[in-house]
Every structure is written in C-alpha cells, then in structure tokens.
Amino acid sequence: MSNRLFSDRAEAGRVLAKLLGRYRGNADVIVLGLPRGGVPVAYEVAAALGAPLDVFLVRKLGVPGQEEVAMGAIADGGVVVLNDDVVRGVGILPDTLRSAVEREARELRRQERTYREGRPAPELEGRTVILVDDGLATGASMRAAIQALRRHRPARSVAAVPAASESGCRELADMADDVVCATLPSPFFAVSESYGDFHQLADEEVRELLRRAVGRPPEPAEEGVSEVALISAEALPAEDGVRRRGTTRRAPA
C-alpha cells in the first residue's frame, strides 16, 4: 500500500470537508484558502459546505539557503509570527529577518492584486471563518493567519488541514476556536509526503479556482467516497480534529 494519504489536494479537500460537515448550510460561514497550496483544498471544502471561497494571504519566512525550513511567517495586515527555535538555532540576524519580512510583504501585495483581480476582500466580522491549508508542519503560516484574522473580529475561527504534525496541530488548539486536522501521520517528515501529486501551484491555477467559486454555485461533495477509504493505514486519523491515542483506522485492502 502506498504511504501517500491523498492522490492530490482536491481529494484531500473532499476528505477534510467530511470532518467539517457541522458547518454545512450555515450562511455565516466563509472558507479562506492559504495560497497557494491551500486554495485547491479550500475549493473542495467550500463546495461541499455550500460556502463562499476566498484567500487569506500568508507567506512563509524561509531560512536563507534552506527556504523549505520556516523561521516564521507573515500574514495580511503586517502580522509576523516567528519560530523562535529555528531563529535561535540557525542564528538568524535581525537584518536578515527584516529583509525576509520586507520581501514577503511585497509578495503579499502582489498576490492581493493577482488573485482578487479587483474584487474587494470579503467582510469577515461576525462570521465563522474556516482557514484551510494543504498541511501543517511547524504551523507558522496558520498561526500567523489566525492572529491576523483576529483583527477582523470573526464570530468563530476554524483552522483545518488534511495532514499535520501532532505538535503543530496541538499548538493551534489555544489559538483557534476549532481545529480540524484530518490525519496526523507519525512520524511526520513533510507535508509533501502525504500527497501523490504535490506540485507547486502557479498563480493562474489559484486564479482559476477563485473565478470558478465566484462564477457558479458550489457543487455538493461526492457521497460515494468514504473518509476511511481515502486515508491509508500509515496515518492516524483525528476524529473531529482530535487524535485518539491507541486507535487506528485502516483503509480497505
């Protein structure tokens, strides 16, 4: 059996949507994908829940020369979250950190123009906001998003990902009102290990999904695909976002 939990981000989104079913049909719900990889996951979640879709802009701050290692993240509104262990461990200098923040802030502004294409940002005050990414390793990006979201005064904040490290998922519990981590692979090496297709999305792919979400009613999720059948034995599913120790569920052979 393959160690990959999901064939691609769309399948991961359909699995995640099943764990978010309690939000279906709530007119106050909005689903926000973290670009780029979180958007195709969020698209499937929004379609299944009958909710609008938009983006919430967050950029990882990668360690120079090791960009896949997150030393923190920056979110829309100027919120910066640092991974102190990485910053201290690698010896990141203040000037290096400042340059990274300024560079990613410019990219956030570019993404705002590129993805929304003149559409106004959605009103989030008083709404149930579901923040979706394609996975959670250190959790820096999602933590930055949750902190930035607080400025919009939502009624309820929900963090949702298809695959996460146990520590990353646990750390969100004190920040968001609800946390849903569909699977907690152990050991956890990287988000990409949970996917068969984990290609780097282009801006046009993100734009196309957002256009589709704006231009047509959400489609219902397929009922014939069970959550269990989509999750392999190597993962530890988290029922309602909480891993139950000592229990596993295996996919049919």
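A: Let us begin with the chain as a whole: of the 253 residues in the protein chain, 51% are buried. Please keep in mind that this is a predicted model. The protein chain contains eight helices and 10 strands.

Q: Among contacts between residues at least 6 apart in sequence, what percentage join residues at least 24 apart?

A: The share is 69% for the protein chain.

Q: Is Q111 buried or exposed?

A: To answer this, one compares the relative accessible area with a cut-off: a residue is buried under 20% and exposed over 50%. Q111 has a relative accessible area of 0%, so it is buried. Q111 belongs to helix 4 (residues 94-116). Neighbours within four places in sequence aside, Q111 is in contact with P35, L57, R59 and R116. E208, in helix 7 (residues 203-215), counts as partly exposed because its relative accessibility is 33%.

Q: At what angle do the axes of helix 1 and helix 2 cross?

A: One reads such a pair from its axes and then from its contacts. The axes of helix 1 (residues 9-19) and helix 2 (residues 38-49) cross at roughly 40° and come within 7 Å. Helix 1 is therefore oblique to helix 2. Their crossing is right-handed. Helix 1 contributes R9, A10, A12, G13, R14, L16 and A17 to the contact, and helix 2 contributes P40, V41, E44, V45, A48 and L49. Sorted by class, the contact of helix 1 with helix 2 has nine nonpolar residues, one polar residue and three charged residues.

Q: Which residues form a disulfide?

A: C169 and C181 form a disulfide, with their sulfur atoms 2.1 Å apart. The pair links distant parts of the chain, 12 residues apart: C169 is in helix 6 (residues 166-172) and C181 is in strand 8 (residues 178-183). A search of the whole structure finds one disulfide. The link of C169 and C181 is right-handed, with 110° about the S-S bond. Both C169 and C181 are buried.

Q: Which peptide bonds are cis, and which residues other than glycine have a positive phi?

A: Most peptide bonds are trans, and most residues other than glycine have a negative phi. Here, the peptide bond from P35 to R36 is cis, with omega near -5°, and the bond from S186 to P187 is cis, with omega near 0°. E117 has a positive phi near 50°, and R153 has a positive phi of about 55°. E117 lies in the loop between helix 4 and strand 6, whereas R153 lies in the loop between helix 5 and strand 7. R153 counts as exposed because its relative accessibility is 55%.

Technical notes:
Residues are numbered from 1 along each chain as its sequence is written. This is a predicted model: local features need pLDDT of at least 70, side-chain atom pairs count only at pLDDT 80 or more; totals for chains, interfaces and linings use all residues. Side-chain values use heavy atoms; hydrogens and water are left out. A disulfide is a pair of cysteine sulfur atoms within 2.5 Å. Helices (H or I, at least four residues) and strands (E, at least two) are DSSP runs, numbered from the N terminus. Buried means under 20% relative accessible area, exposed over 50%, partly exposed in between (1.4 Å probe, protein chains only). Axes are lines fitted to C-alpha atoms, for helices over the stretch in contact, and angles run from 0 to 180 degrees between N-to-C directions. Angles under 35 degrees count as roughly parallel, over 145 as roughly antiparallel, 65 to 115 as roughly perpendicular and the rest as oblique. A crossing is left-handed if the near helix is turned anticlockwise from the far one by less than a right angle, and right-handed if clockwise. Contact means heavy atoms within 4.5 Å. Ala, Val, Leu, Ile, Met, Phe, Trp, Tyr, Cys and Pro count as nonpolar, Asp, Glu, Lys and Arg as charged, and the others, Gly among them, as polar.
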